[in-house]
Structures are given as C-alpha cells and as structure tokens.
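These are my notebook entries on one protein model. I wrote down what I looked up, in the order in which I looked.

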Amino acid sequence: MAFFLSYSTPIAHHKICTVFSSKQGSRHAVDQFGSLTLKAMPEEMALIVTNGSSNNKIPHVLTMAGSDSGAGAGIQADLKTCAARGVFCSTVITAVTAQNTLGVQDVSILPEESVAAQLKSVLSDMHVDVVKTGMLPSTAMVKILHDSLKQFPVQALVVDPVMVSTSGHVLAGSSILDTFRQDLLPMADIVTPNIKEASVLLGGVQLETVTDMRSAAKSLHDMGPRNVLVKGGDLPSSSDAVDIFFDGKDFYELRSSRIQTRNTHGTGCTMASCIAAELAKGSSMLSAVKVAKRYVETALEYGKSINIGNGPQGPLDHMFKLKRKNSSKLRLFEPSDLFLYAVTDSGMNKKWGHSITDAVKAAIEGGATIVQLREKDAETGEFLEAAKSCLEICHAHNIPLLINDRVDIALACDADGVHVGQSDMPVNTVRALLGPEKIIGVSCKTPEHALKAWADGADYIGSGGVFPTNTKANNRTIGLDGLKTVCLASKLPVVAIGGINLSNARSVMELGVVTLKGVAVVSALFDRECVAVETRKLHDLLTETVANVGSAVTEEV
Ligand SMILES: Nc1ncnc2c1ncn2[C@@H]1O[C@H](COP(=O)(O)OP(=O)(O)OP(=O)(O)O)[C@@H](O)[C@H]1O
Ligand SMILES: Cc1ncc(CO)c(N)n1
Ligand SMILES: [Mg+2]
C-alpha cells in the first residue's frame, strides 16, 4: 500500500517536489535540484493525500535488469520470483546476455534510449510499488533510472549491484564503479552485494569471514543506502549460508544451512526480487529479507537435483510451488474410478481391530476403484500419518485417494483430492486451494446442488442417502427416485451413496442413467470381519449388473 502526495514546500534545505510514504513509514523526497540523493523525510511531513491502493490492485515490482538466456538469473529470475510470490512484475531490459550453465557467451547492451523508453512506458502508466535493479551496464542507465524515479517516485528501490557473474564474466565494467558508489547506492533502500561485489565496491578489501562481512556492511552503509545485505553464498569455507543485514543501527546475522547443489545460478537476482516483492506487499525491510532468504533456500532445496545443461552451474528453479511431488504418478480423475468407491470409518475399523491401512489395503485387494478417508474423530496428526500411509498403498495400485472434508490434510499429504458436503468448504474455495488437477467431489441431494457443483468446478458428485443408513445421523434419504432425478440433471458423473450393500446395489445400478458411474459404500465393506472378501463380492455383483444393464454406466459423461 502506498500513499502519494505532490508537495512544494521547502523542507530543511531542500525544496521538495515529490513526497512519498509507505505503510511502514519509509519516506523519501527527491530534491528539485537534481541531486541523486533521496532524502529521508520527517514523519509528520508524510501527509497522506491519496491512498494509492484499491481493492483490485496487485503489488507491482518493476525490474530493470539484463536478460539471461539460461533463465536462472536476470529478468527471467525476477519474473519467476515475483510470479511465485504473487506479485506483478514489469520489466525494463538493459542488456541481452547469452548465458548457459557453462558461463556467459555474449553480452549485448541495449541502447540507452530504449531503456529510457521502457522505463517511461511502465512508470508513466502503471502504478509501480517497488523498483529492483540488476545489471546496469552503463553510467547513463543509472542516470536514466535516477531521472525516472524523480519523475515517478516509488515506494522503495532495491539495488542488486550486479558486476561479475559467478563464472567470472564482467557484467558491469569497472568504469561504472564510481557511479555505483556515488549515485546508485545513495538512492537505494537496500543494496544486496555478494562477497565479490562488496569487495569491489569497497576498493578491493578482502572479505573472508563473517566479521569481514559485518565491516563491509557498515562501510557500504556509509555510502548512503538505507539498508545493506552482504550475501555470503560464496563465502569460502562456510558450511552455512550466512548473510549480514545492517539497517544502519543493528546487525543481523541470517544463517541457513548450505544446500549441496550445482543449481545455484540466479540466487542473487532471486533474493533481490523476492525482497522487492515482499516490500511491494507491505513488509518491513527486515521481514522482506528474511522471507527472501527462506524463499531462496527452499527453491534451492526443491531444485537441487534438477539436471539442466552440462556446465558447472545449473539454474535455480523458482517455481517449486508448481512442482508436483510425483508428477509422473499424478492421478487424473476418470469417471470410471467411481465404480466401487470405498469410504473408511474409524469406528468400524476399531470395532473389528483393523488398522486404517489394513482396511484400505483389503478394500483395494477386493477391487475398490477409489478410496476416501472419512475419519471424523481422528486427531489431526494421527489422521495425517494414516493418510500418508494410505496414499502410498493407493498409489502402488494406481487408485486415487480422497480425503473427506479436510483440505488441510489433503494438502499436507498431497492426496489426490477431497470430498466435501453441502455445509463444508465451498467447492470453488477448495479448488483454489488444491489447484486444477486435484479431484473434488461434492455431496448433492437435489438437481440444484448437482448443477451448482458442476458450475463450481467439482469433478463428480455423490448423491444420497439412497437408502437409510446408520453411518450418517439425520441424513435425509432420497431413495432411488431422488437419485435418478439427480443423475438425470447432473452434468457430472455421479456415485450413489447411503445404505448400499450386496442386497440392494443391483437396484441402484439398474437405474441405468449414463451419469451414474458406481456406488460408494462404508458399512458393506468395513463393518465386516473380512473386508477383502466383502469388497470382492460387491465388485463382482456390480460387474455383473453393469454387463446386464449394457453400456449405460460405461459411457463417458
Ligand atoms: N548453496 C546454498 N545453500 C543455501 N543458501 C545459499 C546457497 N548459495 C547461496 N545461498 C543464499 O542465496 C542468497 C544469494 O546469495 P549469493 O551469495 O549466492 O548471491 P550472488 O552471488 O549474487 O548470486 P548469483 O549466483 O545470482 O550471482 C543468499 O541468501 C545466500 O546465503
Ligand atoms: C543477466 C544477468 N543478471 C545478473 C546475473 C548475476 O547472477 C547474471 N548472471 N546475469
Ligand atoms: Mg553466488
């Protein structure tokens, strides 16, 4: 959230033309005389006139950086990081580099007019919260940045002083060093050099220990940035990844264990854009830095064994949230999965001395085609452990495992989906949490329920109770007629549920409506001593009935 005000009263020795204030009270003013320094404002001067936020506003980071063809660093890292952090990212490209896992093969610097035009296009039209800079290969580009920010002030400027690639290639020549020191650093709300960059900026001092990093942070702070983060990814002989954050008053040592991987190309750009993204969302500087460190660490961990390219340094993988743990094993939904739908019940398993995993194993052995864990009384921790074990069993047999109600458990164990009732979490919310590929089923008693489930993005509906049942208290029975009405109205495949057993399953499947794909059962399978035998009997009966009814239940919806 940002607040803006145009102002023209002399404050201290400067005539202020633009004032800016963020939610955290970070305030800057740009003086009218073109000094490159952004001055801190007294709190009381940060008058709030316009609230720059609106309901539909998305936090916005503008990155001004070089393109990395290998896509671990540069503009590509910034775009992916912001996307992963839920922040909009616009781009001003300063150079196009040819890079891969072997190193940098070519650098083409873009004409300054093009860079100025890009900045103007974005800043004059879009509301940018935070600007983040990476590769700035010419002094003119620093001047362009300064002038643009003077005209279009933003909440914060994050400067990643990119100078040398890890492979040793110079991305910003030594001629620019003075401009970085004198002009760029004083504009920055935070500057994020790695060890080599900190050393070069300080005229070549050796940085070998955490103590050296602290003094470097202090000396860099003296050059004008409001905060300094000296990154220790490349600190020799450190088993931890240690960064030093200095806000001008206190030092913070941010430590995480070093992840053993070759895929570290882009950690620096990613760190800086994640800081920018968190600032744009409204974080304080220290929290933004901490979140960014955790994000980089997690991305390194998830992407540590990815194999891209043949060179020594592979790219960081930013989108770990999109990664499926077992993408090759992802179980997409088929309507035929509903054929014999086994729903567990902890009370029944207890009564017969079955563990939940044994019960699930037995149901699968007997021919269950999908399993739902319905553990109304289980403690969360216990439920999660059971769900993990059942998922292993189900996946070993290529059978989907759904969780009743508990979206949190489904997310935690990466189950194939969730089944919800009419008074549980709404289907569209469940879909937003689980993503497009998970299976969502919803209990429906009426055609209206069925149509809503379809409109909300469910994959199937369960309809019942068809017959009276003890498993669910106060549950209205809809009968075979009610089931038929729902099936005829439904655009989604239907599984019948409620009091279905060996003696009445035939009458259900004989309804012969194309949308009716199978039966869901609890007691008929689990309130029995030998779950596998009972499941097999029901499976055979269903197979026989369906063969007699004809193609009706095998036709796709
Ligand atoms: N192997 C690792 N394990 C855990 N954290 C790491 C590792 N390597 C780097 N980091 C962390 O990543 C962040 C970026 O730091 P680093 O020193 O790698 O930046 P950089 O050299 O600018 O990156 P780049 O490779 O993009 O140039 C820091 O928080 C650092 O501690
Ligand atoms: C384009 C670009 N920016 C930054 C870095 C630093 O990682 C890089 N290697 N390439
Ligand atoms: Mg590095």
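**Entry 1: the whole chain**

I began with burial: a residue is buried if 20 or more other C-beta atoms lie within 10 Å of its own, exposed if 12 or fewer, and partly exposed in between, with C-beta atoms placed from the backbone. By that count, 46% of the 557 residues in the protein chain are buried.

I noted that this is a predicted model, in which local features need pLDDT of at least 70 and side-chain atom pairs count only at pLDDT 80 or more, while totals for chains, interfaces and linings use all residues. Residues are numbered from 1 along each chain as its sequence is written, and chains are lettered from A and ligands numbered from 1 in the order in which they are written.

I then looked up the helices and strands, which are DSSP runs numbered from the N terminus (helices are H or I, at least four residues; strands are E, at least two). The protein chain has 18 helices and 23 strands.

For contacts I used this rule: two residues are in contact if their C-beta atoms, placed from the backbone, lie within 7 Å. Among contacts between residues at least 6 apart in sequence, 65% join residues at least 24 apart.

**Entry 2: helices H2 and H3**

I looked up how helix H2 (residues 112-125) sits against helix H3 (residues 139-151). Their axes are 10 Å apart and the packing angle is about 20°. Axes are lines fitted to C-alpha atoms, for helices over the stretch in contact, and angles run from 0 to 180 degrees between N-to-C directions. Angles under 35 degrees count as roughly parallel, over 145 as roughly antiparallel, 65 to 115 as roughly perpendicular and the rest as oblique. H2 and H3 are therefore roughly parallel to each other.

On the H2 side, the contact is made by Glu-112, Val-115, Ala-116, Leu-119, Lys-120 and Leu-123; on the H3 side, by Ala-140, Met-141, Ile-144 and Ser-148. I sorted these by class: seven are nonpolar, one is polar and two are charged. In this sorting Ala, Val, Leu, Ile, Met, Phe, Trp, Tyr, Cys and Pro count as nonpolar, Asp, Glu, Lys and Arg as charged, and the others, Gly among them, as polar.

**Entry 3: Val-154**

Is Val-154 buried or exposed? I found Val-154 in the loop between H3 and strand S11 (156-159). Val-154 is buried, because 24 other C-beta atoms lie within 10 Å. Leaving out residues up to four places away in sequence, Val-154 touches Val-128, Asp-129, Val-130, Val-131 and Leu-149. Val-154 and Val-128 are 26 residues apart in sequence and 6.5 Å apart in space, C-alpha to C-alpha.

**Entry 4: helices H10 and H11**

I looked at helix H10 (residues 356-365) and helix H11 (residues 380-396), which pack at about 20° with axes 9 Å apart. H10 and H11 are therefore roughly parallel to each other. Ile-356, Thr-357, Val-360, Lys-361 and Ile-364 of H10 meet Ala-386, Ser-389, Cys-390, Ile-393 and Cys-394 of H11. By class, this contact has seven nonpolar, two polar and one charged residues.

**Entry 5: the ligands**

Which residues are closest to ligand 1? I counted a residue as near a molecule if its C-beta atom, placed from the backbone, lies within 6 Å of it. The shell has 23 residues, and the closest are Asn-194, Lys-231, Gly-233, Ala-241 and Gly-268. Strand S14 (240-246), helix H7 (267-281) and helix H8 (285-302) are the elements that give two or more residues to this shell. By class, the shell around ligand 1 has seven nonpolar, 10 polar and six charged residues.

Ligand 2 is surrounded by 15 residues, the closest being Gly-66, Asp-68, Ala-73, Gly-74 and Ser-165. Strand S7 (60-68), strand S8 (88-100) and H7 each supply at least two residues of the shell. S7 gives the largest share, three residues. By class, the shell around ligand 2 has six nonpolar, eight polar and one charged residues.

**Entry 6: backbone details**

I found a cis peptide bond between Gly-464 and Gly-465, with omega about -5°. Asn-398 is not a glycine, yet has a positive phi of about 55°. Asn-398 is in the loop between H11 and strand S18 (401-404), and is exposed, with 10 other C-beta atoms within 10 Å. Asp-414, also not a glycine, has a positive phi of about 60°. Asp-414 counts as partly exposed, with 17 C-beta neighbours inside 10 Å.
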